[in-house]
Amino acid sequence: MTVKDTDMPRQAMKMPSSLIVLRNILGFLMRSPTSAFGLIVLGLLIVIAAFAPWIATHDPYAQDLANTLQAPGNGHLFGTDELGRDIFSRLVWGSRISLTIIFLVSIVVGPIGMIVGTTAGYMGGRLDTVMMRITDIFLSFPSLILSLAFVAALGPSLNNAIIAIALTAWPPIARLARAEAMTFRKADYIAAARLQGASDMRIIFKSIMPMCLPSVLIRLTLNMATVILTAAGLGFLGLGAQPPMPEWGAMIATGRRYMIDSWWLVTFPGLAILTVSLAFNLLGDGLRDALDPKQMNRR
Amino acid sequence: MTSNVDIRDLSISFGEGPAAVKVLPGVTFSVEAGECFGLVGESGSGKSTVLRCISMLTDFWQGSITVGGRDIRQIPRLERCRLLQMVFQDPYGSLHPRQSVRTTLSEPLKIHGLDDHEGRMRRVIRDVGLTADFIDRFPHQMSGGQRQRIAIARALILEPSLLLLDEPTSALDVSVQAEILNLLVRLREERGLTYIMVTHDLAVVDHMCDRFAVMLHGEVTEVLPRTAIDGNHATHPYARELIGASLEYEGAL
C-alpha cells in the first residue's frame, strides 16, 4: 500500500522529536536539585543492578559460618549477616529484585489503570458506574492487607507478591485517569475526532490517553515508592521473596533478631529502601513540573 | 454530490422526566446545495445545538434531517463524515494540544483508508493559506488565526460537501476575522461547498450568506434573504428588532 511509503518520512521525522522531548525532560529534571537527586539515585540503582556481578565483592549466597555477624570493615563493607554472607553484595544483588518488582508492577498497573479509567471516564453512563464501583471495592481495602490475603491464598513467593501488589495498586491510577478523561471528553477536539469517524476505541487511545499520560506517569512514579515499601513489607512478613533471596525487606526481617547487637544487619537494607523510595518520590515531584506540553516540545 | 439540507420539526430536550428542558421546540428550514445559510440569534437560542444535531454529535433529537435527500440517521458513519464536517468556535480548544498538525490531519486519512497522505496534507494546507512547514508544528506554536486555518484544513481534508461553521470567527481578532471569512468565501467558490453558519454578527451574514434564519428561544422566527438586511425588510418583530439594532450599531460606528 502507498500508505507505507508516506509513513516512511514520518517515522524518520518522529525519532529525533521524541529524543528532543526526552532530552528536554531530563534537562529540566537536572536543573532542580531535588529531582536531580532522584534521577541520579535511580540511575545509580539501574547501573548497580545491571552490573551487579562486577560490583558485588562476594557471592550473595556464599555462607561463611566462621565469619558471622562481623561488623562493617575488614573486607566486608557493610559487614556480614548471621550466616556470614556479605551484606553489601546482598544489597547489590537485591537491587535487581527491587527493580524487577517495580518494573513488573508498573507495566501491569499503568495500562490497566489507564484503560479502566479512560474508558469509564470517556464512555460515562452505566459502564462508568459499574467500572468505578469495582474500582471502589479494590480501593476500599488497605493495600497491604489485600496483598497479604492474596499471598496467603496463592502461597508466599516473589511472583505472587508482585501479582498481589499489582492487583492493589491500579485503582488510584484508574481514578486519576477517569477524572482526567472526564475533563477532556467534552472538548471540541474530541468532537472533531468523532466527526472524522474515529471509533470510541480510537478516540480513547489516540486522543484521551495522551492527555492523561503525564499525570498517570507522575502518579506511577510516586507509586513506585509505595510499591517498594509494600514489597519490603511483604518480604519482612515472610510473604514476599523467600530466603535465601537477597530481597531488602526479607533481609531486615531476618536481621531483626540480631538487631540489638549487630545494627548493620537492618540499617543498610533500611537505608537502601529509604533512599530509593525517596528518590522515586522526588523524581515524581519533578516530573509533575517537567511533563507539560510546552516544556516537552520546545525546540 | 449534492448536499441540500432539509430539516423538519427538529426538536430536542435535555434531561428526563419533569426536569427536562426543551431546547428546540421544532425547527424547520431547508438549505440549497451550494448555498451559504446563516443562523443568527442571541446566546442560548439553540443555534449551535442545531449544528450538533445535523452532525449527529447529539443524536437524541426527534424530527427529520436529510442531507442530499437521504435521512442523516441512515447514512453510515464513515460516509457521513465524508459528507459533512464542522469548524468549531474556539481554535484554542478544537485542536488537540498534544498532536502536531501532521497527526491532526493524517488521522482522518488513516481512518478512511485514503492514499497519498503527504500530498493531501500539503494541498489542503496550501488551500487554507499556510505553507507546508506548518505540518510539524504543534497548536501552541501557532497563532489563533493559524490554528483556525488548521481547523478548517482538518474539516476539508475529507473533502466534504457540507461544512457546518459554529461561529468560526468569534474567538478571533477583528483583522484575523476578515482573513478567515475571505478564506471561507474563496473555499466555497473553489469547491462548491454548502455552508451552514452560526453567528451573532449580522455583518458576517451580510458578507457571506445568501439567506439566513433568525432564531429565538429555539425557534426559527423568519428566514430572510441577505438583501433583507439593508433597509430591514424583516416582518417578524424580533427579527426586525435584531436587524434594526445591528444596523444602528453599524451606523454608530
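Two strands count as paired if DSSP finds at least two bridges between them. Strands (E, at least two residues) and helices (H or I, at least four) are DSSP runs, numbered from the N terminus. Strand 4 of chain B and strand 5 (residues 70-71) of chain B run antiparallel and are joined by two bridges.

The model is predicted: local features need pLDDT of at least 70, side-chain atom pairs count only at pLDDT 80 or more, and totals for chains, interfaces and linings use all residues. Residues are numbered from 1 along each chain as its sequence is written, while chains are lettered from A and ligands numbered from 1 in the order in which they are written.

Stay with chain B. Strand 4 (residues 62-67) also pairs with strand 1 (residues 5-14), in the antiparallel sense, over five bridges. B:Val67 of strand 4 stands opposite B:Val5. B:Val67 also stands opposite B:Arg70 in strand 5.

Now take the turn. B:Gly68 lies in the loop between strand 4 and strand 5 of chain B. The hairpin of these strands has two residues between them, and B:Gly68 takes a positive phi near 60°. The C-alpha atoms of B:Gly68 and B:Ser3 are 4.2 Å apart, although 65 residues separate the two along the chain.

Next comes the interface. Chain A places 22 residues in contact with 29 residues of chain B; contact requires C-beta atoms, placed from the backbone, within 7 Å. Helix 1 (2-31), helix 8 (188-195), helix 9 (200-236) and helix 12 (293-297) of chain A each supply at least two residues of the side touching chain B. Helix 8 gives the most, with six residues. This side of chain A divides into eleven nonpolar, six polar and five charged residues. Here Ala, Val, Leu, Ile, Met, Phe, Trp, Tyr, Cys and Pro count as nonpolar, Asp, Glu, Lys and Arg as charged, and the others, Gly among them, as polar.

Finally, look inside chain A. The axes of helix 4 (residues 87-123) and helix 11 (residues 264-290) come within 11 Å and cross at roughly 35°. Axes are lines fitted to C-alpha atoms, for helices over the stretch in contact, and angles run from 0 to 180 degrees between N-to-C directions. Helix 4 contributes A:Ile87, A:Leu91 and A:Ser98 to the contact, and helix 11 contributes residues including A:Trp264 and A:Phe268. The contact residues divide into seven nonpolar, one polar and no charged.

Note on methods: Two residues are in contact if their C-beta atoms, placed from the backbone, lie within 7 Å.
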